[in-house]
Each structure stands twice: as structure tokens, then as C-alpha cells.
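I opened this entry to record what I looked up, in the order in which I looked. The chain is displayed below.

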Amino acid sequence: MRVEMFTFLIAGAIVLGGALGVVALRNPVHNALSLVATLFGVAVLYVAQGAYFLAAIQVIVYAGAIVVLFLFVIMLLGVDKVQSLAKERSSAT
């Protein structure tokens, strides 16, 4: 009983911290990495409930494929460069 409660509290803290990171952080890459933490925490919660197939799908499909797609699009669009150009323009004037 203690181990289950400890696992639930740690996984819940990871999920809540990751979800807050997705919303609160300003860097898009950090947002995507926080999403990875949230998805892994949800997978741990699935394992704690005995839903092993859902946990595997959560990690393989969402944390593996979807977040990699998000990171690819973020890097392709160059969001970080746009932010640095805006800072350069505001400091130049």
C-alpha cells in the first residue's frame, strides 16, 4: 500500500509539474520537453493501474512519435531565431 501511494504521488507530481511547464514556460522547446515529462508520468499512472498496453501506447505513440513531430516542426520553423531577431530589433532602435 505504501509503495503504491508513493508511486502515485511521485507520478502525480511529475504530471502536474510537466503540465505547468507546458503552459508556463516561454521557450517552445522547453514546452515540448515538459510535454514529454507529462506523458511519461501518465504512462507510470497507467502501469500503476495495471493498464500495461495503454502505458506502452502512451510512450511509443505520444511521447515517441507526436512529441518528436512537435520538436521537428519547432526546429523547422526556427521559433527561437524569430524571438532572438525580435530582441535585436528592439535593442537597435
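Leaving aside its neighbours within four places in sequence, which residues is Val-79 in contact with? I found Pro-28 and Ile-74, where contact means heavy atoms within 4.5 Å.

**Source notes.** I am working from a predicted model, in which local features need pLDDT of at least 70 and side-chain atom pairs count only at pLDDT 80 or more, while totals for chains, interfaces and linings use all residues. Residues are numbered from 1 along each chain as its sequence is written, and side-chain values use heavy atoms, with hydrogens and water left out.

**Val-79, continued.** I placed Val-79 in helix 4, residues 79-92. Helices here are DSSP runs (H or I, at least four residues), strands likewise (E, at least two), and both are numbered from the N terminus. Val-79 has 25% relative accessibility and so counts as partly exposed. The scale I used calls a residue buried under 20% relative accessible area, exposed over 50% and partly exposed in between, with a 1.4 Å probe and protein chains only. I also checked Val-79 against Asn-27: they are 52 residues apart along the chain, and their C-alpha atoms are separated by 8.7 Å.

**Whole chain.** I counted four helices and zero strands, and the pattern along the sequence reads α-α-α-α. Of the 93 residues, 23% count as buried. Among contacts with a separation of 6 or more, 52% come from residues 24 or more positions apart. The chain exposes about 6,900 Å², and carbon and sulfur atoms supply 75% of that. The areas come from the Shrake-Rupley method with a 1.4 Å probe; for residues, only the protein chains shown count as cover.

**Helix 1 and helix 2.** Two packed helices are described by the angle between their axes and the distance between the axes. I looked up both values for helix 1 (residues 2-24) and helix 2 (residues 28-49): the axes come within 8 Å and cross at roughly 155 degrees. Axes are lines fitted to C-alpha atoms, for helices over the stretch in contact, and angles run from 0 to 180 degrees between N-to-C directions. On the helix 1 side I noted, among others, Thr-7, Phe-8, Gly-18 and Val-22, and on the helix 2 side residues including Asn-31, Ser-34, Thr-38 and Leu-45. The contact residues divide into twelve nonpolar, seven polar and no charged. In that scheme Ala, Val, Leu, Ile, Met, Phe, Trp, Tyr, Cys and Pro are nonpolar, Asp, Glu, Lys and Arg are charged, and the others, Gly among them, are polar.

Leaving aside neighbours within four places in sequence, Ser-34 is in contact with Gly-18, Gly-21, Val-22 and Leu-25. Leu-16, in helix 1, is exposed, with a relative accessible area of 57%. Leu-16 and Thr-38 are 22 residues apart in sequence and 7.3 Å apart in space, C-alpha to C-alpha.

**Helix 2 and helix 3.** For helix 2 and helix 3 (residues 52-77) I read axes within 8 Å, crossing at roughly 175 degrees. This pair is therefore roughly antiparallel. The contact includes Leu-35, Phe-40 and Tyr-46 of helix 2 and Tyr-52, Gln-58 and Phe-70 of helix 3. Its residues divide into 22 nonpolar, one polar and no charged.

**Ile-66.** Last, I checked Ile-66 in helix 3. Ile-66 counts as partly exposed at 31% relative accessibility.

Conventions: Angles under 35 degrees count as roughly parallel, over 145 as roughly antiparallel, 65 to 115 as roughly perpendicular and the rest as oblique.
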